[in-house]
Amino acid sequence: MVLVAATGLMIGAMTFVWGNVRLVGLAYEHQKLDKEHRDLLRENHLLRVERESLRSLDRIQSLAKRKIGLREPESRQIVTVFLK
Amino acid sequence: MGRKKEKTNRTNQSALKLRLVLVSILFALFSASLIGRLFFLQVTQHEDLVSRSEKQYQRTIDIHYGRGSIFDRNMNELTTNIEVESVYATPQEIINKKGTAKTLAKALNLDQQSAYKKIKSKRHFVWLKRKAPPMEVDQLKKISLPGIGFKSEEKRFFPKRELASGIIGFTGIDNQGLAGIEHQYDTMLKGNIVRAVMAKDARGNLVQFNGRNRRQMAGSHSIVLTIDEVIQFFTEYYLKKQVKKHQAKSGVAIVMNPNTGEVYAIANMPQYNPNNYSAYKAKRWRNLATSNSYEPGSIFKPIIAAAAIDAGVVRPHDIFFCENGKFLVGKTNIGEAADHKFGWLTLQNIIAKSSNIGSIKIAQQLGKRSFYDYIQKFGFGKKTGIALPGEATGRFKELPAWDAMSLASISFGHEISVTPLQMISAISAIANGGTLMTPRITRAIIKNGRVEKRFEPKAVRRVISTQSSRQMVDILKHVVKDGTGGKAVIKGYEVAGKTGTAQKYDSKTGSYSKTAYISSFIGFVPANAAKIAILVMIDEPKGDYWGGSVAAPVFRSIARETLRYLNVPSSDQRVYILDRV
C-alpha cells in the first residue's frame with residue numbers, strides 16, 4: 001500500500017517536473033528563434049536600405065546613359081495606350 | 001511514613017504542573033513569535049519581498065519602435081533607420097586612464113585630450129562617441145578595454161541622399177526632427193519605447209516572453225508625401241544643370257498639380273546631404289520655396305491682368321498706349337526692360353511683351369482698392385498653410401501706406417515680396433478655372449501599413465471667374481507662342497506661362513541693382529486642361545540673365561519629362577484607346 005502510494009507520488013512529481021523542464025526548453029527554443037528572426041529582419045532591413053541606395057535615380061540615369069547608352073525617346077517614338 | 005509519602009507526591013505533582021505551565025507558555029511564546037514573524041513577512045514586508053523575489057527571476061527589457069518613415073506618393077522610402085552603436089565609458093572601472101584615452105582616440109578618431117577628460121570624470125557614465133561608424137566600433141570591440149561599453153541605437157538614414165532634402169529635413173543626434181517634414185511631424189514620427197517583463201533563469205537567460213499584444217499595439221506613424229520621387233529627380237536635375245551653367249547663387253523650382261494643390265516636387269539649389277547635414281552652412285538647410293520671399297518681377301503681371309479682367313475694367317483686346325518707353329509716375333521715370341519702346345499694345349501684348357508701362361496703365365484702370373483686394377484674394381501676404389516649418393508670409397504695404405509709386409511698382413512685381421509657393425499657388429488658380437487651392441505636401445499618415453488620416457484637396461476661395469480664367473489662359477499661351485516665353489515651347493503641347501527678370505534690391509545702395517537679377521518662369525501645361533504648374537527661379541545668374549533664356553528652358557525640360565512620366569500624350573504622339581477584354 002505504501003509502495004503504491006510512493007510510486008504514485010513519484011510519478012506525479014516526475015510529471016510535474018517534466019512539464020516544467022519541457023516548458024523551459026521550449027522557452028529557450030523560442031528565444032533562439034526570436035533572436036534568429038530579429039537578426040534576419042535586421043539583415044533584410046539593411047538589404048532594403050542598400051537596394052534603396054542602389055535604386056537612386058541619379059545612379060540609374062548615369063548607368064543608363066553612360067554604361068548602356070540609352071537615350072530619351074522622341075515623342076513620335078512613344079505610343080500611349082489607354083484602356084477603357 | 002504514609003503522611004511523608006503523600007507530601008512528596010503532592011510536591012511532585014505541583015512541580016509537574018509548574019513545568020507544564022512553563023512549557024505551555026514557552027510554546028505559546030514560540031507560536032506567537034512565529035505568527036508575528038509570519039505576519040511581518042507576509043503582510044508588513046509583502047510588497048518589498050515580492051519585488052525582491054521578482055528581481056531574481058524577472059528582467060525588464062525595452063523594446064524600441066523606431067522613428068516612422070517618410071514615403072513619396074508611390075510609397076518609395078525616402079527615410080529609414082539603421083542600427084548603429086554608441087560607445088560609452090564607466091570611468092570608475094578604468095584603471096589605466098591615460099593608456100585607455102590614447103587607444104580610444106586612435107580607434108574612434110577622437111581628440112586624445114578630450115577623451116582623457118571624459119574618462120577622468122567622476123561621473124558613473126559618459127558618452128565617448130554617439131552613433132559611431134561600424135568600422136570604428138568593430139576595431140574597439142577587438143581591443144576589449146575595461147570600463148568601455150557599447151549601446152545599440154537607431155540612426156536616421158536618408159538613402160536618396162540629397163533628393164528632396166529641402167522638404168524632408170533631417171534629425172539630430174537623439175533622432176529629434178530639426179528641419180523640414182522631420183521637424184513638422186516630429187511628434188507623430190518619433191518612435192516609442194515599450195517596456196516588457198520577461199522571466200530569466202539562474203544564468204540570466206530569458207525564458208519567457210509576453211509582449212506580443214503590446215508589440216501589436218505599439219508602432220510609429222509614417223508620413224506619405226505628395227512628392228513624386230521621379231518628378232523630384234527631374235526637377236532637381238534640370239535646375240542643378242542650369243544653376244551650374246549660369247554660376248547662379250541659388251535656384252528654386254516647384255512642380256504642382258494646379259487642380260488639387262498637391263506639390264509634386266520642390267527643388268532647392270544648392271543642396272545638402274541630410275546624412276551629414278552639419279558639414280553644410282545652416283543657410284543651405286532652408287527651403288527657399290517657402291522660407292524665402294522675393295520681389296517677383298514680371299511673373300506678377302498675370303495677377304494684375306487677371307484682376308483687371310475679372311473686375312471687368314479691361315478686356316484682353318483693349319489697347320493701351322505704352323508711352324514709347326518712358327512714363328513719369330510721380331517724380332519717377334519708368335522705362336521698359338531692355339529699353340524697349342512700345343507704342344500702342346493690346347492687354348494681351350502687354351503681357352506677352354512684358355511691358356512695365358502697360359502694366360501700370362492696367363493697374364491705374366483697376367484702381368488701388370480693387371488691386372489691393374485681388375492681391376489678398378490671390379493669397380499674397382499670408383501663409384499658404386502648407387505643412388512645412390518656417391513658412392514666410394511675404395510682404396506688401398497696407399493700403400493706407402500706398403504712395404504714388406506703389407500701384408505702379410506692384411503692377412510689375414516690385415514693392416511686394418512673395419514666396420515661390422504663393423506665386424505658384426496663385427498661377428494655379430488662374431490655370432484651374434479660378435479657385436485658389438491650399439498647397440499640400442502630405443498625402444496621408446499611416447500606422448502599421450494602415451491609413452490613419454488622408455489629406456484631401458482643400459479649396460481656399462474662388463479668386464476669379466471661370467471666364468476670366470479662360471481669357472487669362474489665352475493671354476498666357478500668347479506669351480509662349482509670340483512673346484518672351486518662346487524657349488518654354490514644348491513640341492506637341494500648348495504651354496501657358498510668363499517670364500520674369502527682376503532686378504534685385506540692393507540694401508547697401510538703397511536702389512535696384514543693375515547687375516543682380518532673379519530670372520524666372522512660371523507656367524502650366526497643357527494650357528487648356530493643366531496637369532502641372534511649374535515655377536523656376538534662378539537667383540543671380542551670370543552672363544545672360546533674362547527669364548526667357550535662363551529659366552524658361554528649365555521649365556521646358558521639367559515639363560516635358562513630367563508630362564511623359566504622367567502619361568499626358570502630346571499632339572504628335574500615337575494614342576490608342578482599347579477596350580478591356
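This note comments on a predicted model with chains A and B.

1. Composition of chain A. Read from the N terminus, their order is α-α-β. The radius of gyration of chain A is 32 Å, whereas the globule rule gives 12 Å for 84 residues; chain A is therefore more spread out than a compact globule.

2. Extent and burial of chain A. Along the principal axes, the C-alpha atoms of chain A occupy a box of roughly 100 × 35 × 15 Å. Of the 84 residues in this chain, 0% count as buried.

3. The contact between the chains. Chain A contributes 21 residues to the contact and chain B contributes 29. On the side of chain B that touches chain A, the elements giving two or more residues are β3 (80–89), α10 and β23 (574–578) of chain B. The most comes from β23(B), with five residues. By residue class, this side of chain B divides into 13 nonpolar, six polar and 10 charged residues.

4. Strand β1 (residues 79–83) of chain A pairs with β23(B) in the parallel sense, over five bridges. Within this pairing, Val81(A) has Tyr576(B) as its bridge partner.

5. Geometry of helix α10 of chain B. This helix covers residues 229–245, and at 1.5 Å a residue its 17 residues should span 24 Å; the end C-alpha atoms are 24 Å apart, which agrees with that expectation. After α10(B) comes Gln247(B), which has a positive phi, near 45°.

6. The largest nonpolar core. This core has 124 residues, and those with the most contacts inside it are Ala253(B), Ile254(B), Ala305(B), Ile362(B), Ile534(B), Val536(B) and Phe555(B). Helix α17 (residues 420–431) of chain B gives the most to this core, with eight residues. Leaving aside residues up to four places away in sequence, Ile534(B) touches Ala253(B), Ile254(B), Val255(B), Gly523(B), Phe555(B), Ile558(B) and Ala559(B).

Conventions. Residues are numbered from 1 along each chain as its sequence is written. Chains are lettered from A and ligands numbered from 1 in the order in which they are written. This is a predicted model: local features need pLDDT of at least 70, side-chain atom pairs count only at pLDDT 80 or more; totals for chains, interfaces and linings use all residues. Helices (H or I, at least four residues) and strands (E, at least two) are DSSP runs, numbered from the N terminus. The expected span of a helix is 1.5 Å times one less than its number of residues. Two residues are in contact if their C-beta atoms, placed from the backbone, lie within 7 Å. Ala, Val, Leu, Ile, Met, Phe, Trp, Tyr, Cys and Pro count as nonpolar, Asp, Glu, Lys and Arg as charged, and the others, Gly among them, as polar. Two strands pair if DSSP finds at least two bridges between them. The radius of gyration is taken over C-alpha atoms; the globule rule is 2.2 Å times the number of residues to the power 0.38. A residue is buried if 20 or more other C-beta atoms lie within 10 Å of its own, exposed if 12 or fewer, and partly exposed in between; C-beta atoms are placed from the backbone. A nonpolar core is a set of buried Ala, Val, Leu, Ile, Met, Phe, Trp, Tyr and Cys residues joined through C-beta atoms within 7 Å.
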